[in-house]
Amino acid sequence: MPKRTLTLVIAIVVLSTLLVACGGTDTADGGSGGDAKRGEELYKQTVIGSQAAPGCITCHSLEAGKVLIGPPHAGLATKAETAVPGMPAEDYLRESIIEPDAHLVDGFSAGIMYQNYAKDLKESEINDLLAFLLTLK
């Protein structure tokens, strides 16, 4: 193999490895770096996190129009895309988890959602939840 071809092959291998290591591959996580399947499992648990916080499913329905305590999450990813002009859906949803009163949905009051998910959940758990929430089109 000519030296130039070998150099090109090595460069491609190195770049490919860097892309994978840096998350540069196309994933189904919507960019959150999380795992949507794990996020769905976490979402459906009645308690989550280090302090046994209420799980998402205890307050949010996945059925359109069905209100439990908080707003339903049916179509949440689509709604999040335009909820705050100029803010990507992932950023809106992340902020809604870690700062629950940052974006209040009409008809719902501040202080209702559990306020300590940012402390009680690992970053990987938040990313997994985000990956799942971003599938709710």
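Helices (H or I, at least four residues) and strands (E, at least two) are DSSP runs, numbered from the N terminus. On that basis, the chain has 6 helices and 2 strands. Along the sequence they follow the pattern α-α-β-β-α-α-α-α. The model is predicted: local features need pLDDT of at least 70, side-chain atom pairs count only at pLDDT 80 or more, and totals for chains, interfaces and linings use all residues. Residues are numbered from 1 along each chain as its sequence is written, and side-chain values use heavy atoms, with hydrogens and water left out.

Buried residues make up 32% of the 137 residues in the chain. Contact means heavy atoms within 4.5 Å. Of the contacts in the chain with a separation of 6 or more, 52% come from residues 24 or more positions apart.

The buried set in α4 consists of Ala89, Glu90, Tyr92, Leu93, Arg94, Ser96 and Ile97. Its cover includes α3, α5 (117–120) and α6.

Helix α3 (residues 76–83) packs on α4 (residues 89–98) at an angle of about 100°, with the axes 7 Å apart. Axes are lines fitted to C-alpha atoms, for helices over the stretch in contact, and angles run from 0 to 180 degrees between N-to-C directions. The angle therefore makes α3 roughly perpendicular to α4 (under 35 degrees counts as roughly parallel, over 145 as roughly antiparallel, 65 to 115 as roughly perpendicular, the rest as oblique). From α3, Leu76, Ala77, Ala80, Glu81 and Ala83 meet Ala89, Tyr92 and Leu93 of α4. This contact comprises 7 nonpolar residues, no polar and 1 charged. Here Ala, Val, Leu, Ile, Met, Phe, Trp, Tyr, Cys and Pro count as nonpolar, Asp, Glu, Lys and Arg as charged, and the others, Gly among them, as polar.

A nonpolar core is a set of buried Ala, Val, Leu, Ile, Met, Phe, Trp, Tyr and Cys residues joined through side-chain atoms within 4.5 Å. The largest has 20 residues, of which Tyr43, Leu93, Ile97, Tyr117, Leu121, Leu129 and Leu133 touch the most other members. At least two residues each come from α2 (36–43), α3, α4 and α6 (123–133). The largest share, 5 residues, comes from α6.

Tyr117 is buried, at 7% relative accessibility. Beyond its neighbours within four places in sequence, Tyr117 contacts Ile48, Ala53, Pro54, Ile97 and Ile126. The whole structure holds 2 aromatic pairs. In one, Tyr114 and Tyr117 have ring centres 4.9 Å apart and planes at 65°, so the pair is edge-to-face. Rings of Phe, Tyr and Trp (its six-membered ring) pair if their centres lie within 6.5 Å; planes under 30 degrees apart count as stacked, over 60 as edge-to-face and the rest as tilted. Tyr114 is partly exposed, at 24% relative accessibility.

Ala52 is in the loop between β1 (47–48) and β2 (53–54). Its phi is near 55°, a positive value in a residue other than glycine. Thr135 is in the segment after α6 and is partly exposed at 41% relative accessibility. Thr135 and Leu76 are 59 residues apart in sequence, yet 8.5 Å apart in space, C-alpha to C-alpha.

Notes
Buried means under 20% relative accessible area, exposed over 50%, partly exposed in between (1.4 Å probe, protein chains only).
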